[in-house]
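Student: I have a new structure to learn. Can we go through the terms and see what each rests on?

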Amino acid sequence: MEQKMYINGEWVSTAEYAELKSPYTKEVIAKIPQATREHVSAAVEAAQRAQQAMNNLTALERANILYAIAKAFASKRLEAATIISRESPKPLKYALSEIDRTIETYRFAGDEAKRLIGEMIPMDAAKTGENRFAYTLEQPLGIIAAITPFNFPQNLVAHKVGPAIAAGNTIVLKPASQTPLSALFLAEIIDCTDLPKGAFNVVLGSGGIVGDALVESDKVKMITFTGSPAVGIQIKEKSGLKRLALELGANSGLIVDRNINIEHVVRKCVTGAFSNQGQVCISLQRIYVMEEVFAAFVEEMIAQTQSLKIGSPLDETTDVSAMIHDKEQQRAIQWITEAIAEGANLLYGGEVEDGVLLPTILANVDRKSKVSCQEVFAPIVSINKISSIEEGIEAINDSDYGLQAGIFTKDIQTAFTASKNLSVGGVIINDIPTYRVDQMPYGGVKQSGTGKEGLKYALQEMTETKLVIWNQEGGL
């Protein structure tokens with residue numbers, strides 16, 4: 001039951017351990033080592049020593065390592081998914097889907113390792129550039145510190161580890177405190193590949209110790225973080241001149257136009273709002289429905305939500321299970337209560353059944369209510385009536401966040417108008433804002449963060465462009 005950290009290719013014990021409990025059953029499922037700053041320093045130093053070995057790997061060797069990781073996940077798909085369901089507690093069918101995406105992500109990373117190229121510079125286009133030619137090289141930054149969340153403990157890790165390896169960097173991973181077992185499972189897989197010893201390290205413990213030590217280390221060249229805006233801002237303030245990629249969440253909105261297939265759209269919305277208990281950065285949180293179809297939309301939304309199965313995350317038929325922490329569940333209930341006091345109508349849910357917060361539908365929610373203007377990160381969705389598409393665009397833009405938004409419409413001009421005027425990093429037309437595939441550029445504006453994920457785009461964040469100029473004149 002006692003776990004070990006992974007530093008410099010070795011499994012390391014510590015003096016202090018913390019109990020890891022299942023959020024659903026409350027049973028202790030493991031004892032997790034708690035790192036000190038000395039452990040973090042050892043991991044960083046191991047990564048620094050391994051950098052030269054990483055530099056010596058060819059693009060093909062890096063790609064093959066990533067393909068080997070993907071192949072190992074494919075062969076251990078159910079085991080990896082079961083770990084996620086036990087510790088997170090994501091329903092098993094969604095955990096299996098996450099592993100499938102994780103496999104794709106490492107494969108995409110392997111492909112991108114072989115596409116990492118510079119460019120030729122036409123020096124003679126400048127007056128003083130005659131007899132010179134130049135090119136650029138894309139070189140690894142060095143040590144990447146990856147600080148990852150609980151909600152996708154394999155795939156969001158893959159979005160940091162995959163491109164880091166593809167670019168030739170070394171990594172120190174600090175996973176979320178609730179999902180360390182998934183990180184250690186990844187370490188077991190990587191330990192069986194040809195990745196140089198020390199190039200990948202897993203350090204477990206609190207953000208106040210492990211996270212701060214990584215952010216403050218002068219040897220770490222980049223911090224890639226997924227989490228809350230408050231922590232992201234702290235990282236930015238403490239990180240100095242390190243490169244940063246910060247994915248900081250959202251309160252994603254969707255516009256529903258008239259003349260759409262209500263049953264089809266609602267099916268998408270139920271998935272977008274309630275999968276993984278709404279604990280998804282691009283979970284569907286706000287729906288703005290044209291008044292002509294509002295009543296029918298709400299009726300169908302309630303009917304389909306009622307059919308969701310509540311229960312154990314290890315049951316493959318379960319749709320909704322426990323939230324990550326009791327305190328998060330209590331916060332969500334408090335926000336529901338506040339929204340009702342501020343004039344919202346509770347249409348479904350809003351209470352706990354067998355330890356699980358039921359999927360909750362609210363209508364006529366004030367924009368200043370927390371369930372609307374903040375990231376709710378719970379199985380709660382708000383549905384409001386609008387009289388025009390412009391009103392819906394304005395409502396979605398009236399937010400401190402801007403990660404992704406969606407619109408369902410049959411009108412091409414309406415779609416173009418929305419795509420141009422929505423202030424978000426990604427606009428999804430005729431689908432929910434929760435839609436994502438792993439090779440696309442993914443990142444937001446405003447308090448949703450900085451930088452892009454998606455393998456090609458993450459590689460650009462994780463490399464440094466070096467210019468090389470040759471003077472062809474003789475007599476040197």
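Tutor: Start with Asn151. Its relative accessible area is 2%. Keep in mind that this is a predicted model.

Student: Why is Asn151 called buried?

Tutor: Buried means under 20% relative accessible area. Asn151 has 2%, so Asn151 is buried. The residue sits in the loop between strand 7 (143–147) and helix 5 (155–167).

Student: What does Asn151 touch, not counting residues up to four places away in sequence?

Tutor: Its contacts are Lys90, Glu98, Leu156, Asn276, Gln279, Val280, Cys281 and Phe377.

Student: What makes Ala53 partly exposed?

Tutor: Partly exposed covers what lies between buried, under 20%, and exposed, over 50%. Ala53 has 32% relative accessibility, so it counts as partly exposed. Ala53 belongs to helix 1 (residues 37–56). Its C-alpha atom is 9.7 Å from that of Thr170, 117 residues apart along the chain.

Student: What is phi of Asn364?

Tutor: About 55°, a positive value in a residue that is not a glycine. Asn364 is in the loop between strand 17 and helix 12 (370–373). Its relative accessibility is 41%, so Asn364 counts as partly exposed.

Student: Which kind of peptide bond joins Ser88 and Pro89, cis or trans?

Tutor: A cis bond, with omega about -15°. In general, most peptide bonds are trans. Pro89 lies in the loop between helix 3 and helix 4.

Student: Why is helix 3 called oblique to helix 4?

Tutor: Helix 3 (residues 77–87) and helix 4 (residues 92–113) pack at an angle of about 125°. Roughly perpendicular ends at 115 degrees, and roughly antiparallel needs over 145. That makes helix 3 oblique to helix 4. Their axes are 8 Å apart, and the crossing is right-handed.

Student: Which residues meet there?

Tutor: From helix 3: Arg77, Leu78, Ala80, Ala81, Thr82, Ile84 and Ser85. From helix 4: Leu92, Ala95, Leu96, Glu98, Ile99 and Asp100. By class, this contact has eight nonpolar, two polar and three charged residues.

Student: How do you know that helix 2 and helix 6 are oblique to each other?

Tutor: Helix 2 (residues 59–75) and helix 6 (residues 180–191) pack at about 120°, with axes 9 Å apart. The roughly perpendicular range stops at 115 degrees, and roughly antiparallel starts over 145. Helix 2 and helix 6 are therefore oblique. Helix 2 passes helix 6 in a right-handed crossing. Ile69, Ala72 and Phe73 of helix 2 meet Phe185, Leu186, Ile189 and Ile190 of helix 6. The contact has seven nonpolar, no polar and no charged residues.

Student: Now the sheet. What is the order of its seven strands?

Tutor: It is an open sheet with the order 14-17-18-13-12-20-21 and mixed pairing.

Student: What makes strand 14 and strand 21 edge strands?

Tutor: Strand 14 (345–348) and strand 21 (426–429) each pair on one side only. Neighbouring strands of the sheet are turned by 25° against each other on average, direction ignored.

Student: How do you know that strand 12 and strand 20 pair?

Tutor: Pairing takes at least two bridges. Strand 12 (residues 253–256) and strand 20 (residues 404–408) have four, in the parallel sense. Within strand 20, Phe408 is the bridge partner of Val256. Four bridges also join strand 20 to strand 21, and these run parallel.

Student: Which helices pack on the sheet?

Tutor: Among them is helix 9 (residues 262–274), which touches strand 12, strand 13 (286–290), strand 17 (360–363), strand 18 (380–386) and strand 20. Helix 11 (residues 326–341) packs on the sheet too, touching strand 14, strand 17 and strand 18.

Student: Which face of strand 21 is covered?

Tutor: The one with Gly426 and Ile428; Val427 and Ile429 are on the uncovered face. In a regular strand the side chains alternate between the two faces of the sheet.

Note on methods:
Residues numbered from 1 in each chain as written. Predicted model: local features only at pLDDT ≥ 70, side-chain atom pairs only at ≥ 80, totals over all residues. Heavy atoms only, no water. Axes fitted to C-alpha atoms, helices over the stretch in contact; angles between N-to-C directions. Helix = DSSP H or I, 4+ residues; strand = E, 2+ residues; numbered from the N terminus. Parallel < 35°, antiparallel > 145°, perpendicular 65-115°, else oblique. Left-handed = near helix turned anticlockwise from the far one by under 90°. Contact = heavy atoms within 4.5 Å. Nonpolar A, V, L, I, M, F, W, Y, C, P; charged D, E, K, R; others polar. Buried < 20%, exposed > 50% of the residue type's maximum accessible area, 1.4 Å probe, protein only.
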